[in-house]
Amino acid sequence: MNILLHAHSGLRYVVLGLLIAAIFTAYSKWQQGSQEDSKLYLFTLIATHTQLLIGLVLYFMSPKVNFDLISEKVFRFFSIEHVFMMLIAIVLITVGRVRSKKLSGADKHRTVLYFYALALIIILVAIPWPFRNLGSGWF
Ligand code: HEM
């Protein structure tokens with residue numbers, strides 16, 4: 001549990017870094033009219049799906065997931081808000097990448113740009129940053 005929690009916690013920076021890099025790449029490839037796919041889109045997808053897998057295991061083990069204490073902020077956050085928002089973000093990244101594979105022309109990279117950017121905003125909101133007083137640290 002401890003190892004998984006540390007992996008899940010540290011991987012947030014990998015996810016954020018890849019997402020930001022993918023968004024910049026999508027923007028510049030869109031502007032250049034490039035038809036070439038970018039491996040960064042795939043790596044971002046893999047990193048978020050890894051978070052999903054680890055998150056699912058944590059969900060069934062974590063003491064912070066408890067529906068009897070749902071009226072308390074921390075329990076509500078981890079039992080509902082965190083999972084719900086992250087699932088939406090991961091679906092957006094998956095749909096964005098799958099769609100972009102099928103598209104050509106200007107739509108190809110613009111699709112990644114929009115879907116990944118929306119996912120980034122949701123992930124930033126759904127991360128239990130220390131200043132949100134949810135009992136989680138920076139790592
Ligand atoms: C991109 C997706 C995700 C990111 C960036 C992310 C990030 C994080 C971070 C930073 C923490 C705090 C870790 C700590 O306290 O050290 C956390 C905790 C947690 N996450 Fe996620 N998460 C993601 C997706 C998910 C998903 C999809 C699930 C469930 C299916 C999930 C379940 C959990 C649970 C249960 C905890 C609380 C563990 C505990 O402290 O006992 N996460 N997550």
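Visitor: How many helices and strands does the protein chain have?
Guide: The protein chain has four helices and zero strands, in the order α-α-α-α along the sequence. Helices (H or I, at least four residues) and strands (E, at least two) are DSSP runs, numbered from the N terminus. This is a predicted model, where local features need pLDDT of at least 70 and side-chain atom pairs pLDDT 80 or more, while totals for chains, interfaces and linings use all residues. Residues are numbered from 1 along each chain as its sequence is written, and side-chain values use heavy atoms, without hydrogens and water.

Visitor: What box do the C-alpha atoms fill?
Guide: Roughly 50 × 25 × 25 Å, taken along the principal axes.

Visitor: On to the ligand. Which residues coordinate the iron atom?
Guide: H8 (NE2) and H82 (NE2), at 2.0 Å. H8 is in helix α1 and H82 in helix α3, 74 residues apart, so the pair links distant parts of the chain. Donors here are N, O and S atoms within 2.8 Å of the metal (3.2 Å for Na, K and Ca); water is not among the atoms, so sites may look incomplete.

Visitor: Why is the arrangement octahedral?
Guide: Because the six donor atoms around the iron atom subtend angles of 84 to 179°. Six donors count as octahedral if opposite donors are over 155 degrees apart and all others between 65 and 115.

Visitor: How far is the polar side-chain atom of S62 from an oxygen atom of the ligand?
Guide: 2.5 Å. For K64, a side-chain N or O atom is 3.2 Å from a ligand oxygen atom.

Definitions and conventions
Polar contact = N/O pair within 3.5 Å; in protein donor to acceptor, adjacent residues only side chain to side chain. Tetrahedral: all angles 85-135°; square planar, octahedral: opposite > 155°, others 65-115°.
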